[in-house]
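Here is a short report on one protein model. Look at the sequence and the structure, then read on.

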Amino acid sequence: MMGLMPSEETRTMTPPTVRSSAAHDAGKAGGASTRAWTMRLLVLGIVLSALNLRPAITSLGALLEEVRDGLGMSGSVAGLLTSVPPLCFAVFGVMAPRLARRFGAGAVVCAGMVAIATGLLIRPYAGGTAGFLAGSALALMGIAVSNVLMPVIVKHWFPDRVGSMTGLYSMALALGTALAAAVTVPLTDTLGGSWQTGLALWAGLAVAAVLPWLPFVRGRVTPPGAEKAAEAATVGDTSARDRDEAARTQASAPAEHTRVEAPRLRMARSRTAWALAVFFGLQATAAYITMGWMAQIFRDAGVPAGTAGLLLAVTMVMGVPLAFVIPRLATRLPHQGPIVLALGVCGLVGYAGLYLAPAAGAWAWAVLLGVANCAFPLALTMVGMRARTGPGVAQLSAFAQSTGYLISIPGPLLVGVLYQHSGGWGLPIALMSALMIPQMVVGFLAGRDRTVEDEAAR
């Protein structure tokens, strides 16, 4: 009995702060493990979502001739069809920040993936051009809100890795774009030659993208900054300085489930916001003309359908490595204008090649236009760099993308009209080349080192 007394006395005399520190250390270890899995799940969700942001468009581009024949479309109506993506992005993208404030960005992206899966599944079987357009619009609505919120999620959860994370999801976006362009025709042939099946199969990829976002739907996941603040606040012997730091971290932590009304910036007063919006719109014009019509340009030049799809895939796959490199490079430069000019020159050379020797130099033109299309990840990176705060990024992203996609609506439609009435590709290619010049100018202006908060508050 006496031998037991010292240990009992030791237990009874253990200071509360020691016990609380031990419990805190154990909780901290468990919290670190939870945070690690949370971040891995979030990265998986971002990558899978990015993979789904373009297959709805490039799979259609690869089978556009078959869809036109099956639905009885003229060239002008097909041009209207290729203009639907930017129209939907402009209309629905502007709603994304408001939806994110109300429901949380994770919940909105999750709902967007559901909309993509549903739209891709029903559009080939809806019957007629109107039904096809309605199904496409549903899928594109999901893409639109996810487009806008991806820079916001990256800014909130990875504030010290904006360049690398933007590069990662831009690379995944380019991979999904290229994959749909490359394998849609072969898979369609393998599955019996039905264009409906070839388009509908991409709904499966969107279903997979829903799953990682489910824990974020009701704000069940706490951001790392908020957890750190909570830990510091619950330790019994926390110093005043630590408590102050915890309070600051808690206040600045961009919680997924926190709906704080941020001051609304007057983006229309910012020259940088307008330059970025016009740059976004002109690069989107070039991208959607390329995705919608480039395979047809090669097919009209005598290139077989399968090879034309591969050429479109080459154009898209160029964005896989470059979409990772360019954002990282852009964040290291005080001015992103030189990158804008280099991409624009590649585009001009590629268009010249399409006009002069579309079949003979097809692979070279596909590569050059793929490099030029990397203006998209550059624009996304500049959205994250031209605003200081998460709410500022959300508002700038919505303004630049919605305004930009409005600007891009006439381009693919006009290309279809010019192609239909001129009987060739000379005038459409001339239009593409002409639009590249102002794209380079406004992109250079958007790349200047300044923030929209300073300009919108003037």
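## Salt bridges

The whole structure holds three salt bridges. A salt bridge here is a side-chain nitrogen of Lys or Arg within 4 Å of a carboxyl oxygen of Asp or Glu. This is a predicted model, in which local features need pLDDT of at least 70, side-chain atom pairs count only at pLDDT 80 or more, and totals for chains, interfaces and linings use all residues. Residues are numbered from 1 along each chain as its sequence is written, and side-chain values use heavy atoms, with hydrogens and water left out.

Helices (H or I, at least four residues) and strands (E, at least two) are DSSP runs, numbered from the N terminus. Arg 299 is buried, at 18% relative accessibility. Glu 66 is partly exposed, at 29%. Buried means under 20% relative accessible area, exposed means over 50%, and partly exposed lies in between (1.4 Å probe, protein chains only).

Asp 454 and Arg 388 also meet through their side chains in a salt bridge, at 3.0 Å from N to O. Asp 454 is in helix 23 (residues 452-456), while Arg 388 is in the loop between helix 19 (375-385) and helix 20 (390-408), so the pair ties together parts 66 residues apart in sequence. Glu 455 forms a salt bridge with Arg 450, with the closest N and O atoms 3.9 Å apart. Glu 455 is buried, at 6% relative accessible area, but Arg 450 is partly exposed, at 36%.

## Overall build

The protein chain has 23 helices and zero strands. Of its 458 residues, 53% are buried. The chain exposes about 18,900 Å², and carbon and sulfur atoms supply 67% of that. Accessible areas come from the Shrake-Rupley method with a 1.4 Å probe; for residues, only the protein chains shown count as cover.

## The nonpolar core

Which residues have the most contacts inside the largest nonpolar core? They are Ile 46, Trp 213, Phe 279 and Leu 378, in a core of 131 residues. Helix 14 (residues 271-300) gives the most to this core, with 18 residues. A nonpolar core is a set of buried Ala, Val, Leu, Ile, Met, Phe, Trp, Tyr and Cys residues joined through side-chain atoms within 4.5 Å.

Leaving out residues up to four places away in sequence, Leu 378 touches several partners, including Phe 279, Ile 326 and Gln 336. Contact means heavy atoms within 4.5 Å.

Leu 341, Ile 437, Val 441, Phe 444 and Leu 445 make a nonpolar surface patch of about 390 Å². Patches are made of residues with over 30% relative accessible area and no salt bridge: like charges are joined within 9 Å, nonpolar side chains (Val, Leu, Ile, Met, Phe, Trp, Tyr) within 5 Å. Helix 22 (residues 426-446) gives the most to the patch, with four residues. Phe 444 is in helix 22. Phe 444 is partly exposed, at 33% relative accessible area.

Is Ser 170 buried or exposed? Ser 170 is buried, at 2% relative accessible area. Ser 170 lies in helix 9 (residues 162-190).

Ser 74 is in the loop between helix 4 (64-71) and helix 5 (75-93). Ser 74 is partly exposed, at 31% relative accessibility.
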